[in-house]
Amino acid sequence: MTTHDMSTPAPLPAKQTPPPPPPPDSIWLRAARHPLIWPLATLALILAVNASLNPGLWHLQWRDGHLYGSLIDIVNRAAPLAVVALGLTLVIATRGIDISVGAVVAISGAVAALMMGNAVAVINGALVHPSRFPLALVVLAALAAGGLCGAWNGLLVARAGLQPIIATLIMMLAGRGAAQLLTGGQILSISYPPYFVFGSGFFLGLPVAALIALAVWGGMTLMLERSALGLFIRAIGINPRAARVAGVRARTITICVYAFCGLCAGIAGVIVSSNVKSADGNNAGLLMELDAILAVTIGGTLLTGGRFSLAGTVIGALIIQTLTSTIYAIGVPPEINLVVKAVVVFAVMLLQSAEFRRQLRAIAFRGEPR
Amino acid sequence: MLNATGIDKRYGAVTVLEGVQLHLRAGEVHALMGQNGAGKSTLIKILTGVVAPNAGTLALDGQAIAPESPLASQHLGISTVYQEVNLCPNLTVAENIFAGRYPRRGWPGLKAIDGPRMLRETRALLARLHLAIDPTRTLGSLPVAVQQLVAIARALSVDAKVLILDEPTSSLDDSEVESLFTVLRGLRDSGLAILFVTHFLDQVYAIADRITVLRNGRFVGEWTPAQLPAPALVAAMVGRDIALASAETVDAEAPAKQVALEGSAPRLSLRDFGAQRRLHPLSLDLHDGEVVGVAGLLGSGRTELARLMFGLDAADSGTLLVKGQPVRFTHPAQAVRLGLAFCPEERKADGIVGELSVRENIVLALQARAGLWPCIRPAKQRELAQRYIELLGIRAADSDMPIALLSGGNQQKALLARWLATSPRVLILDEPTRGVDVAAKQELMNEVMRLAREGMSVLFISSEIDEVLRISDRIVVMRDRRKAGELPRGASEAQVMDMICEPAA
């Protein structure tokens, strides 16, 4: 015990006037109430565990004009998940869901691989790997494929009135099938070197994949801050009928939101296929939708719509990637890998439940007067 | 039978109830009166165990009680019907009545719901209440008024000593109210204590044996109806003498206005406008500065007319003309762009966006008309919200609180504010005064008349004929989804009633 113990403040001077002004909330109190505090605390905790087992975690080094280190690695690997989860956040905010994002990741990668082809040529005696189409066109086609899949989902939900989980379940199955059809059930290798920049390149010393995720996040934040899109999306998520009566173009916005989610999955597909230098119709983005939903939820977005947080989603994606990296770093045997992950996720979600924390407090302070 | 004394309730720093008392006696109908925000709903929540009081005691039959949950208070014999139907629309009538305590049969540990018995008991219960409702219908397929009656049947199906009715009549028409009152009188004579909350003064005098008035969270007094004539009751609720404007005193210049209106081109016209199964084609003109009242029973086509005009449903015959130009709305956004505004009847389902703040609810329509861009800046939003909060006297702690926390009348005012913010030319109000207290009602109507004087056209839909008469320059009477006729200003209530009831030729 030190003399600075603040838990038992001295009695207030008696001369204070009867109605005291409400005490200004301390910065700590306000921080504790901030909705992002629990996701951030979770991230810090997992990083701390990782660091205690892997002292090199905080070690960053500058090599060949690039930034290297375990942290950079985590951020880079989290990038595709973060992009997918960001797109999904808006869909979930309209009280929808999109479980086809994993399949769309595969489609986008397959389209890109097909557009480039895997040709080998000898020019001036050197072995080169040309692309069938210019890089810009390749990327554009891959993103367009993602956007179209998303728009189709949106049409099914907003026009045909299908339940979002069913509409996107169709795309999840059909999309996976389409990706396998495109790749012929094979793993298509990608050998066109300029394409590798998205997955493993560096720009100004920083990994391009992480920069892309940052750009998507920044662009979305700007769009939501500067336009009324955030208000409309929340209104649709809470009460679509009332939003329509107020003149909000609920259907159009819903379709656009799903299309944007597909576009994000397309971006992630480019990053993933560029990183592994191949397009795999069977396994690319497999089960990514579940990680993305988890990232969105950990970040404090309500699955019932109406409340969402982009920053929370990014933190959620980082939490999941850090967790995966930590599990590998600790050397958990692969066969119990998923179990460990599940236990940690379970603990994280419990900690974030206000109801659970209330019960914890009730147990901790039982018997004490309130 | 049920005594509450010295009840205090605070939410944070806000004191909602202070030293309130209420004494219900067996075999009496007790009316609880007060304006919106007077604390009626909070008092009911305390009686039913939804919230706990900060101070004060509850006693049932002389025994102190402290119900911790609605279920606990139900076990004590206190049954409640809330203002808004909170049953499951996807279940049948019988399932709703027995939800949570289905009759069972079979062996312990393996019990099936006894469907036939449930139906039998439901039929018996409904018959006791003289309700001709098929217990196998899903609740959502029934009109709101019937749903309300089912809610009452559910409350009565447990052996209640005390029955609490929170504005049960706000969605019922006169004949349904009368049949409800017959039921209530029967229950009263069988020894039940009934607490009845309403905004309708005439209903209080029709049924109540005793009246308790609350104002601003305080107990004003308890009287018998004979001791407290209507003007005194209103004064007790409001704390000041409000002048209930009558048709004669509203406008001295009415005839001159009528002439002027007829000379001008209509702002909005309907020509043989209708839709299959919703509305028989009708014609109607709305001039600038004119208030057209729409009277008619529930289901007479009033709401359908409003929804078709606003583009919420698609019309399939006739034309809608705005300033002489034929238009076809497929989405409300188009109607809003041409200066129409619509406050819907079902405030909770079609009106408010519950978890958004009062401010966001108020700017929603204006922002929707402006589109995604430019976004109304937060400072400007706050200023706009504050202006309407003051103009309409919305009781909200601040404009950032969720609108769901406001009382019904204040939500209604916030919805009006939402549309006034768009400066509409034509304002369609569907039952704007439902569930709103006397003073707020008067304020709303004064506001509508002021808007009309400034040149706005108003279509005023209400099931309260005296309101329609008081405010309208012209009255359209609806019956059986068609226009029964039009009456000029100054028509009597009897004339309107005749037209409503006239059998279809």
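I began with chain A and found 15 helices and 8 strands in it. Helices here are DSSP runs of H or I with at least four residues, strands are E runs of at least two, and both are numbered from the N terminus. This is a predicted model, in which local features need pLDDT of at least 70 and side-chain atom pairs count only at pLDDT 80 or more, while totals for chains, interfaces and linings use all residues. Residues are numbered from 1 along each chain as its sequence is written, and chains are lettered from A and ligands numbered from 1 in the order in which they are written.

**Entry: chain A**

I looked up the extent of chain A: its C-alpha trace spans about 90 × 55 × 40 Å along the principal axes. Of its 370 residues, 44% count as buried. Buried means that 20 or more other C-beta atoms, placed from the backbone, lie within 10 Å of the residue's own; exposed means 12 or fewer, and partly exposed is in between. Next I stopped at A:Lys277, which has a positive phi of about 55 degrees although it is not a glycine. Most residues other than glycine have a negative phi. A:Lys277 sits in the loop between helix H11 (250-276) and strand S8 (278-280) of chain A. It counts as partly exposed because it has 16 C-beta neighbours inside 10 Å.

**Entry: confidence**

I checked pLDDT, the predictor's confidence in each residue from 0 to 100. Chain B has a mean of 84, and 92% of its residues reach 70 or more. Over residues 241-250 of chain B, pLDDT stays under 50. For the complex, the predictor gives an ipTM of 0.80 and a pTM of 0.76.

**Entry: a sheet in chain B**

I traced an open sheet of 4 strands in chain B, in the order S14-S13-S16-S17, with antiparallel pairing. Two strands pair if DSSP finds at least two bridges between them. Strands S14 (279-286) and S17 (325-327) of chain B each have a single partner strand, so one side of each is left without a neighbour in the sheet. From one strand to the next, the twist averages 25 degrees. I found 3 bridges joining S16 (residues 317-322) of chain B to S17(B), and B:Leu321 stands opposite B:Pro326 in S17(B). In the loop between S16 and S17 of chain B lies B:Lys323. Its phi is near 50 degrees, a positive value in a residue other than glycine.

**Entry: where the chains meet**

I then turned to the interface, where 25 residues of chain B are in contact with 19 residues of chain A. Contact means that the C-beta atoms of two residues, placed from the backbone, lie within 7 Å. On the chain B side, helices H12 (332-337), H13 (347-351) and H14 (358-370) of chain B each give two or more residues. H14(B) gives the largest share, 6 residues. By class, this side has 16 nonpolar, 4 polar and 5 charged residues. Here Ala, Val, Leu, Ile, Met, Phe, Trp, Tyr, Cys and Pro count as nonpolar, Asp, Glu, Lys and Arg as charged, and the others, Gly among them, as polar.

**Entry: a cis bond**

My last stop was the peptide bond joining B:Trp373 and B:Pro374, which is cis, with omega about -5 degrees. I placed B:Pro374 in the loop between H14 and helix H15 (378-391) of chain B.

Definitions and conventions:
Axes are lines fitted to C-alpha atoms, for helices over the stretch in contact, and angles run from 0 to 180 degrees between N-to-C directions.
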